[in-house]
Amino acid sequence: MTKNVLVARMDNLGDVLLAGPCVRAVAAGSARVVLLTGPRGRAAGELLPGVGEHLTWCAPWIDPEPSPLEPEETEAFVRRLRSLDLDSALVLTSFHQSPLPLALLLRMAGVPWIGAICEDYPGSLLDLRHHVPGDPPEPVRMLSLARAAGFSLPAGDNGGLAIRGPLPPVDELLGVDGENYVVVHPSASVPARQPSAGSSAAIVRALQDAGRRVVVTGSPSESALTKEVAGSARDLGGRTGLSELAAVLAGADAVVAPNTGPAHLAAAVGTPVVSLFAPVVPASRWAPSGVPAALLGDQHAGCRGSRARVCPVPGHPCLDGIPPAAVVQAVEDLAPISARRFARTTPGTA
């Protein structure tokens, strides 16, 4: 068993959640896992099973709004890495990111063995330069790196997304104890991946007209959006931390969300997802996995594969062209309104 292993995933909440199966595999074959995240992903890292210690640093080659690279801060980060007495490190990245800047800092910190998925020539920076053929889902892609490094999931672990339990009580937030509901989460980390407020509000009204109780969720910075979208629905914008949000999602019949971290959080707690997916990145990689899901949105729109942060097509047709009735039908297919829900243990929590 390896003693101390660092696993790094330096971007957003959803990316860190998707790294969960890889982290659990490493944890099963090591004495301690140190999870390195960026500040945007820290809260998700704190929910992952298998993590022994958390480390946060903003990687200026990954963060979308980085501060200038300061030598003093970078040197302090390298010293912190050196103090961890690491035996090895796995650097997890998306297909469009490079692991090599972080690998360089890890080498400077004296880490003796480093592995990553990498297309670029790594020189002496990597001991394992792993290649992944095809276009697999991100959790599968990252787990394949752990396996190539000699780590395997423990017996009984199916490789799905998971978070730590128990989750906090949220009945008071929800307002009515025991009543079924559907969550609409209207926001994403960039505008190109979320419907307009008007489209999301129309989806909420259509669900209500179909007899659904709707709860709208969002972060504190999204409170104005959730208020506009919710109308007469329950507005929890800015009222939940990530663990409370997980509990709200776990109790829902279904979650309607764009390509965003809370969609993957819903999958981690076992709740079906209606994914309003903009094709700026591939759905094959980033759509919710491991739970019943419906993928809506024009996957052949003009923005396909652009990785655009702001929609380049007038009218945002890939998402705003989704009929609210299609969302209502997708929710009904995943969670029929006639089905009575019973209390359940959230799948995958530990």
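## The loop of Pro 166

Pro 166 sits in the loop that connects helix 6 (138–148) with helix 7 (171–174); helices (H or I, at least four residues) and strands (E, at least two) are DSSP runs, numbered from the N terminus. A cis peptide bond, with omega about 0°, links Gly 165 to Pro 166.

The model is predicted: local features need pLDDT of at least 70, side-chain atom pairs count only at pLDDT 80 or more, and totals for chains, interfaces and linings use all residues. Residues are numbered from 1 along each chain as its sequence is written, and side-chain values use heavy atoms, with hydrogens and water left out.

## Residues with positive phi

Most residues other than glycine have a negative phi, and most peptide bonds are trans. Asp 85, although not a glycine, has a positive phi of about 55°. Asp 85 belongs to the loop between helix 4 and strand 4 and is partly exposed, at 46% relative accessibility. Here buried means under 20% relative accessible area, exposed over 50%, and partly exposed in between (1.4 Å probe, protein chains only).

His 316 also is not a glycine and has a positive phi, of about 50°. The loop between strand 12 (293–296) and helix 13 (317–320) contains His 316, which is buried with a relative accessible area of 10%.

Six strands form an open sheet in the order 3-2-1-4-5-6, with parallel pairing; two strands pair if DSSP finds at least two bridges between them. Strand 3 (53–56) and strand 6 (128–130) are at the edges with a single partner strand each, so one side of each has no neighbour in the sheet. From one strand to the next, the twist averages 20°.

Strand 1 (residues 2–9) pairs with strand 4 (residues 88–92) in the parallel sense over five bridges. Val 7 has Leu 90 of strand 4 as its bridge partner.

## Nonpolar cores

A nonpolar core is a set of buried Ala, Val, Leu, Ile, Met, Phe, Trp, Tyr and Cys residues joined through side-chain atoms within 4.5 Å. The largest has 59 residues, and those with the most contacts inside it include Val 26, Ile 163 and Val 183. Helix 10 (residues 242–250) gives the most to this core, with seven residues. Another core, of 33 residues, lies apart from it, with Ala 197 and Val 328 among its members.

## Cysteines

Zero disulfides are found in a search of the whole structure, a disulfide being a pair of cysteine sulfur atoms within 2.5 Å. For Cys 318, the nearest cysteine sulfur is that of Cys 303, 4.1 Å away. Cys 318 is buried, at 2% relative accessible area, whereas Cys 58 is partly exposed, at 28%.

How values were computed. Axes are lines fitted to C-alpha atoms, for helices over the stretch in contact, and angles run from 0 to 180 degrees between N-to-C directions.
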